[in-house]
Amino acid sequence: MKPAVAVIGGGWAGCTAALTVAEAGVAVTLYEASRTLGGRARSVELEGRSLDNGQHILLGAYEQTLQLIERLHPATTQHGLWRLPLTLKQPPDFSFACPPLPAPLHLLAGLLTARGLNWGEKLAAARWAHALLNKTDSLDHLSVSQLTRSQPEKLCRLLWHPLCVSALNTPPQTASARVFRDVVCAAFGGRRHHSDLLLPRRDLTALLPAPAAARLVELGGELRMACRVTALDAAADGITLTTHDGSAVYSHIVVAVAPQHLAALAAPVAALQSLAGEVGAYRYQPIATGYVQYDTAFRLAAPLFALAGGPAQFVFDRGQSHGQAGLLAFVASAAANLSADWLDEAEIQLQRFAEPGPARWRRRIIEKNATYACVPGLARPAVCTAHPRIFLAGDYTAGPYPATLESATQSGVQSAGALLEKL
C-alpha cells in the first residue's frame, strides 16, 4: 500500500515525530485524545490566564528541542525562551553561579565561589564533581544517595539532592546514579552554554506542539483532535486504527502515548505483548505546581529562586517570564507525599527572603503521573518494536536523559527516522 503514517498522541514526542515524517513528504495523520496538544507539558486555562500544567526549565544541552523551537519560531525565538547563565540562588543559605569560563572549569569555579559553604565543603564539592565528570565505571545499580554518600551532608541537602529531584523527578534514595551522572555530564562536561537555563516565555503548548501541528497541516498532513485511538489491529501489510469515528488503515504508525497508556494499545498486539508488560511495570512520580497571584506590583529579585526546607524546590516569577505581573509558580517535584496544605508551606519558604503580601487567588495543579520513576536498572525500550510497522516515541524510550522535553523530542525524531528508513 502507499505509505501513510499515523501518529498516536499529540505530546511533544508525537508532534515532533509527525512533523518529521511530514517534512519528508509522507502523508501523516496525528491523533490526539484531548482538546489540547502537549501531553504532560501543555497549557491550561485558569482564572482567565494561559498557564501550564507544570513549570519547566530547559537546559542549554537540550539541542534537539532548542533547534525545533528555533525552526518553528524563526523570527521570534528570542521571545519564546529566556536564556540565563546557570545560577542557583537559595536565599538566605546558599548561592551558586557558573562564571563565563570554558566547561567544566565554570562548574568548578562556581563551586569554589559558592556562598554558604566553607572551604572544606567547596573543595569536597569541586573534587567530587570533577571525579563524576570523568567517571567511567558502571553506576547501573547505585542510587543518587549512594553516589553522594561521601559528600558532606550540607552539600547533599543544598546542592546535589535538589538537583537530582529537579532533573530526575525521583527522590535521591531511589533515583538512578547513572542517569544523574549523564545529566551532570551533559550540562557541565561539554560546552559552557550547555549548562544555561532556558525559561519558557510562552505557554508550553504554544512553544512547540501547536506550531509543529500547524506546520504539519501546512504540509498536507491531518490533525485529529479529541479523537482517541481505542484499538490497534496489526497485520503484516498494514495497521488498522479504531476510534469513535470508525477505522482507518495505515502503512506504519508511531505510538506516542504516555507510557502508562501504552499497555491498553499494545497488549492486544501479539508482537507488542512483551513490551506492554515491561512498560506496564513502571512506577510514576507526580509534580505539583501551585500558582499564587499577588499584587501586580510585586516582583521577585530574579525570575527563579530555589527553595529550601519545605515541599517546593523552586519558585518562578511569571511576571518576568510571561508578562503575568505578580503571578508566582511554586513547583514541588517527586511530590508523592505532599500534605494538603503544601502550598501554605511553600509560601512560608518564600517568606524567608521575600514579602509578597496577601494572595489574591491560588490554584494547585498536580500531574499525578508526570514522569516515570527514574530508578537504577530501569529498562527503557527502543523506538523500533518487534512489529516492523509499529514504532514508539516518548520520553521513556532509550536515551541519555530522564523524562524531559529533550527526551521526548529526541525520541520523536528518532522514531520518525527509523520509520522513514522502512519506506
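Hi everyone, let's start inside: about 30 Å³ of space lies in the second largest cavity. The model is predicted, with local features needing pLDDT of at least 70 and side-chain atom pairs pLDDT 80 or more, while totals for chains, interfaces and linings use all residues. Residues are numbered from 1 along each chain as its sequence is written, and side-chain values use heavy atoms, leaving out hydrogens and water.

On a 1 Å grid over the protein atoms alone, a cavity is a set of points where a 1.4 Å probe fits but cannot get out; a pocket is an open set with protein on both sides within 12 Å along at least five of seven lines; lining residues have an atom within 4 Å of a point. Points are joined across faces, edges and corners, and the volume is the space filled by probe spheres set on them.

So who lines that second largest cavity? You'll find P85, L86, C98, P99, H106, R192, S195 and D196 there. By class, that makes 4 nonpolar, 2 polar and 2 charged residues (nonpolar is Ala, Val, Leu, Ile, Met, Phe, Trp, Tyr, Cys and Pro; charged is Asp, Glu, Lys and Arg; the others, Gly among them, are polar).

Now for a pocket. The second largest pocket takes in about 520 Å³. Of its 27 lining residues, V165, G310, P311, A312 and Q313 lie nearest the centre. Which helix gives the most to this lining? That is α7, residues 153-168, with 6 residues (helices are DSSP runs of H or I, at least four residues, and strands are runs of E, at least two, numbered from the N terminus). The lining of this second largest pocket has 16 nonpolar, 8 polar and 3 charged residues.

On to the strands. Three of them, in the order β5-β9-β6, form an open sheet with antiparallel pairing (a pair needs at least two DSSP bridges). Because β5 (58-59) and β6 (81-84) stand at the edges with a single partner strand each, one side of each has no neighbour in the sheet. Between β6 and β9 (residues 197-200) there are 4 bridges, and W82 has L199 in β9 as its bridge partner.

Please look at I57 too, in the loop between β4 (49-52) and β5. I57 touches Y62, L197, L198, L199, L304 and F316, leaving aside residues up to four places away in sequence (a contact is heavy atoms within 4.5 Å). I57 and A167 are 110 residues apart along the chain, yet their C-alpha atoms are separated by 9.5 Å. I57 has 28% relative accessibility, so it counts as partly exposed (buried is under 20% relative accessible area, exposed over 50%, partly exposed in between, with a 1.4 Å probe and protein chains only).

There is a hairpin as well: β7 and β8, with 3 residues between them. β7 (residues 87-90) pairs with β8 in the antiparallel sense over 4 bridges, and L88 meets F96 in β8 as its bridge partner. On β8 (residues 94-97), F94 and F96 make up the covered face, while S95 and A97 make up the uncovered one.

Last, helix α5. Among its buried residues are W128, L132 and L133, and the buried residues of α5 pack against α4 (105-112), α6 (144-147), α7 and α8 (177-188).
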